[in-house]
Amino acid sequence: MIKLPDREEFIFSLKSFVGAMMALYLAFRIGLPRPFWAPLTAYVVSQPLAGAVRSKALYRVIGTIIGALAIVTLIPTFVNYTGMFALVMGGWFGFCLFMSLMDRTPRSYAFLLGGYTVGFVAMPALADMSTFNISGIFDVALARSEEIILGVLCSTLVHSLVLPKGIGSVILKRLDQVLSDGQQWVNNILTSAKTGGESRMDINKLALIITELRIMSTHLPYDTDNVRWTSNIVRSMQDRFSTLVPVLSAIEDRLHVLYNSNQGTLPDEWQKLLTDISDWIARGAEDDRPENAIRLRRRIDRIIPVLNSESHWEDMLLANLGTELYRLVDICEDCFDLRRKVDIGLKGEMPPNEMREPKVSTMTLYVDRKLALSSAFATAMSMIVSCLFWAASGWPTGFAAPMMAGMYCMFFSTFDNPVPILKTQFYCTLLSSPVSGIYLLWLLPSAHSFEMLMLLLAPFLIWFGTYLSKPATAVKVIPFMFTVLATLTMFDMDSANMTSYINSQISQAIGVGSAAIFMAIFRTASVDSLIRRLVHSIWEDISRLGYAVRAPSVVAVTVKMVDGISLLAPRLALATKTGMADHPGVMAATNILSDLRVGLNMTRLLRTETKLEHQNLSVRPVLERLSEYYRHEKKTRDVATEGLLDEIDMTLYRMANATGPHLQQSQAIAALTGIRRDLFPDALPYSPSSVSFRHAENIRQQPPDKTPNNP
């Protein structure tokens, strides 16, 4: 049963149609040589959200200019050398795709456009070499750029002025949902004596939503709502959400251990504190009295046990729990304060300190360079082979093969396995052939006025345009609809005849098939290998912390690792669904949250290192030992070694026995306690007596100093 479009989908389709027809009309009036390029471009940049249209329009214009510059530079230089031309085209497409995959934000669209604009503009110009003029390639690049930019501007104008749907409202709704879910999750953790493993999937889901929000919010400065004035605040709020993930998971784990060791109860003062924190967080941004958070922090400071040489494991766990609760109060207070600033921005006012609000760059997000290189290589090979096939065959309309091959490789290279979706694109392209033929050979020649042309295009474009607003349906509609629009450009080229039409359809099908084949050969990767590679990247980042000269930002480290968890979440779900739960990569990813907490505690140790050195206390040996473990040992062993446990225990012992300022020692002990618990959850509890015995044995086993005394 065909589902009829709803009101929002119909309005979006109608606006897209108006923008496309405006672009087509102006292209005719201005006298551009290929006017049908303008409506095609107008549909390419159409998005349901006005902010996304504006940002995509900007990046498309930048990409078009980059592509035009590449055309006037590369084509005249290599057009007379077939082999070199194929290599250069393949290299350009591969380079642009690689640069695009290195940036996971919408900015990557500029590199994507810079790549396939060369194919779309240059390939048709080379269809008939007998009439090709090298000196005229600048005019071709300029004309195509004008047609593309005209389509971009018309689409942007319509979507921005006619019933604009702001992206800000969508982002705020997501932010409030994350805030509400976080409040509910905090309540479940702090007020329940039983903590199970079910919330781990909630953490994965939360990490996924946070990363989606981070990428979506890059459109926010281009939005039509007042919320665009608070884009820095929104991104800072997302950073705070990221820090919630390891803090809440650590609190959940520590409470689980403490409840189990105390028959499901905690001391009354701790239990009362947990309840009060939960009540305060439940009130959310409505509680704008800072003294409430101050009181909670003071209570945490009062009940955290003072650690010394006689402190046992439970005291250290309580100290670690107290520091995590302290961070929870800080993070939630920041989130509530930032949310109130967003409300100020919605009123059209500039929130205080908006421009100075610290935020983590989106360039810190994880990218899979090996996957990007294989995608770029597959695209380059597809372009090279298609170009050589076109040149060897002497087939004038064969230009569509490399053009479509490069474009489809670039479009779907972000998928873990692009082959199934490319097969779908191939079938949809074939299905569009009859519709393309009807419009090109029958309906278009019958239109003797622009009004008649609009009436002929309206049923097809408006109906199928309603399916472009949703990714689930757009995947199948885009090849069907855009292939028809691209075929109409043959009318501009004076090749609207049956012979040219059949040849162009065959050439397009060859191009899409070539993309699927080369992606299947060079780009396929199992879910297990993708998970393993990402997990190893996270471990590598953790290993670098032990040798860091300066302590990195805890928020920046958290944002990047939470982004890694967000990438792992859907792949782990797929691996579990397909029966791959026992594969090495999947098993390595199951405890990635513990690794995240270890990395953050290493960062916190680094931040105390300088002050501890003044007391002749060093955390560098244990940090370097942890780095070596994550760099080498963890990739070959399932559990950490006893030597690492001894190193952590000895460092804990030295910290607890040292005299001096209490604050830095307490912070270091809390961090070391968290590392010990996360790396050795099944180890015997820390005991100062057993560690002191091992410490004495180590001293006794050291060789005596045989350096002779000076006379």
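Trainee: Which helix is the place of Thr64?
Mentor: Look along residues 50–78, where Thr64 has its place. This is a predicted model, where local features need pLDDT of at least 70, side-chain atom pairs need 80 or more, and totals for chains, interfaces and linings use all residues. Residues count from 1 along each chain as its sequence is written, and side-chain values use heavy atoms, without hydrogens or water. Helices are DSSP runs (H or I, at least four residues) numbered from the N terminus, and the one with Thr64 is helix 3.

Trainee: Which residues is Thr64 in contact with, leaving aside neighbours within four places in sequence?
Mentor: Contact means heavy atoms within 4.5 Å. With those neighbours set aside, Thr64 is in contact with Leu113, Thr117, Ser145 and Ile148.

Trainee: Which residues have the most contacts inside the largest nonpolar core?
Mentor: A nonpolar core is a set of buried Ala, Val, Leu, Ile, Met, Phe, Trp, Tyr and Cys residues joined through side-chain atoms within 4.5 Å. The largest has 110 residues, and those with the most contacts inside it are Leu190, Ile277, Leu325, Leu328 and Leu679.

Trainee: Which helix gives the most to this core?
Mentor: Go to residues 313–346. That helix gives 15 residues to the core, the most, and it's helix 12.

How values were computed. Buried means under 20% relative accessible area, exposed over 50%, partly exposed in between (1.4 Å probe, protein chains only). Helices (H or I, at least four residues) and strands (E, at least two) are DSSP runs, numbered from the N terminus.
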